[in-house]
Amino acid sequence: MNDMEIDRLARLSFKRYRQHCEKEGISFKYSNFDDQPQTLIDSCIAQVKSIDRKLDALNMYAHPADPVNHNRVLSFTAEEIESLAIQEHDRWVAERIADGWILGPEVDAVSKTTPDLVPWEELTEVEKDFDRRPIKDIIPLLESIGYWVYRLY
C-alpha cells in the first residue's frame with residue numbers, strides 16, 4: 001500500500017473505532033482524526049502498516065481486487081481473529097512502552113499509566129474485544145479502498 005492508502009485506512013479505522021465506542025456508550029475524546037495528539041495519529045498509522053505483517057502470519061496478503069483469483073478471503077475465522085488480536089495487543093504494548101507508558105491502576109495520559117500493559121491472558125474479555133474489533137474491520141477496510149485479502153496455498 002502506498003502512503004495515501006495508508007493514511008486513508010488510518011482515518012477510516014479511526015472513524016470506525018469512534019463509532020464503535022459511541023455505540024457502546026464509551027466516551028471518545030476526539031471527534032476527528034486530526035484532532036488527536038500526534039502520538040495517537042502515529043499509532044493509527046502504525047496499526048494500519050502492521051496489517052501486511054498480520055496477514056502474512058496467516059499466509060494471506062492484500063492486493064487490488066482480482067475477480068480471477070479464487071483464493072479470496074471474505075472473513076477471518078475465530079482462531080484467526082484471536083491470533084491477530086494478540087499480535088495487535090503486543091504491538092500496542094510495545095508502542096506504549098516505547099512512548100514511556102507504565103503499568104498503573106487506571107488510564108492517565110498525563111502520567112502515562114494504563115492497566116492494559118499486561119500479557120494478553122491477563123486482559124478481561126472486554127479489554128480483549130478492544131483488540132478484536134480492529135481485526136474484524138481489516139477486510140472491510142481494505143475492500144473500501146479496492147483491496148481484497150487472499151490466502152496463499
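Lys-54 touches Gln-47, Leu-84, Gln-87, Glu-88, Arg-91, Ile-135 and Ile-138, leaving aside residues up to four places away in sequence, where contact means heavy atoms within 4.5 Å. This is a predicted model, in which local features need pLDDT of at least 70 and side-chain atom pairs count only at pLDDT 80 or more, while totals for chains, interfaces and linings use all residues. Residues are numbered from 1 along each chain as its sequence is written, and side-chain values use heavy atoms, with hydrogens and water left out.

**Lys-54**
- Lys-54 belongs to helix α3, residues 51-57, helices being DSSP runs of H or I with at least four residues, numbered from the N terminus.
- With a relative accessibility of 1%, Lys-54 counts as buried, a term that means under 20% relative accessible area with a 1.4 Å probe and protein chains only.

**The largest cavity**
- The largest cavity holds about 80 Å³ of space; a cavity is a set of points on a 1 Å grid over the protein atoms alone where a 1.4 Å probe fits but cannot get out, and lining residues have an atom within 4 Å of a point, while grid points are joined across faces, edges and corners and a volume is the space filled by probe spheres set on the points.
- Among the residues that line the largest cavity are Lys-54, Gln-47, Glu-88, Ile-135 and Ile-138.
- Two or more lining residues come from each of α2 (38-49), α3, α5 (125-136) and α6 (138-144).

**His-20**
- His-20 lies in helix α1, residues 3-23, and is buried, with a relative accessible area of 16%.
- The C-alpha atoms of His-20 and His-63 are separated by 27 Å, and the two residues are 43 residues apart along the chain.

Terms used. Buried means under 20% relative accessible area, exposed over 50%, partly exposed in between (1.4 Å probe, protein chains only). On a 1 Å grid over the protein atoms alone, a cavity is a set of points where a 1.4 Å probe fits but cannot get out, and a pocket is an open set with protein on both sides within 12 Å along at least five of seven lines; lining residues have an atom within 4 Å of a point.
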